Amino acid sequence: MKTMTCKQLGGPCDLELRGEKADEVIQAQDRHLKEAVANGDATHESALKDMQGRWKKPISGLGWYRATKKAFKELPED
Ligand SMILES: [Zn+2]
């Protein structure tokens, strides 16, 4: 398992997200952003917009996805 924070994934807080794969932490971050905004947390709104924009614009979103995967790969195992 590895840990990335909301901040490392483009968000505003230090919540830790854990997973075996980069895809898992990216999905956990996606859920976390949606939940935070649904609960009225305005600080996560722009990060959620960025995340949703990435799926709509696969070309520019892919750069972020690759960078995140690389950052995840370089992290030490927990
Ligand atoms: Zn957060």
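This is a predicted model: local features need pLDDT of at least 70, side-chain atom pairs count only at pLDDT 80 or more; totals for chains, interfaces and linings use all residues.
Three helices and two strands make up the secondary structure of the protein chain, and they follow one another along the sequence as β-β-α-α-α. With a radius of gyration of 12 Å, close to the 12 Å that the globule rule gives for 78 residues, the protein chain is as compact as a globular protein of that length. Laid out along its principal axes, the C-alpha trace spans about 35 × 30 × 15 Å. Of the 78 residues in the protein chain, 35% are buried. As for contacts between residues at least 6 apart in sequence, 43% of them link residues at least 24 apart.

Next comes the packing of two of the helices. Two packed helices are described by the angle between their axes and the distance between the axes. For helix α1 (residues 22–38) and α3, the axes come within 9 Å and cross at roughly 120°. The crossing of α1 past α3 is right-handed. On the α1 side, the contact is made by A22, D23, V25 and I26, while α3 brings in W64, Y65, T68, K69 and F72.

Buried means under 20% relative accessible area, so T68, at 5% relative accessibility, counts as buried. Once neighbours within four places in sequence are set aside, T68 is in contact with M4, L9 and I26.

P12 belongs to another part of the chain, the loop between β1 (2–5) and β2 (16–19). With a relative accessible area of 34%, P12 is partly exposed. Leaving out residues up to four places away in sequence, P12 touches C6, K7, T43, H44 and A47. P12 and L33 are separated by 21 residues in sequence, and their C-alpha atoms lie 9.8 Å apart in space.

Methods. Residues are numbered from 1 along each chain as its sequence is written. Side-chain values use heavy atoms; hydrogens and water are left out. Buried means under 20% relative accessible area, exposed over 50%, partly exposed in between (1.4 Å probe, protein chains only). Contact means heavy atoms within 4.5 Å. Axes are lines fitted to C-alpha atoms, for helices over the stretch in contact, and angles run from 0 to 180 degrees between N-to-C directions. Helices (H or I, at least four residues) and strands (E, at least two) are DSSP runs, numbered from the N terminus. A crossing is left-handed if the near helix is turned anticlockwise from the far one by less than a right angle, and right-handed if clockwise. The radius of gyration is taken over C-alpha atoms; the globule rule is 2.2 Å times the number of residues to the power 0.38.
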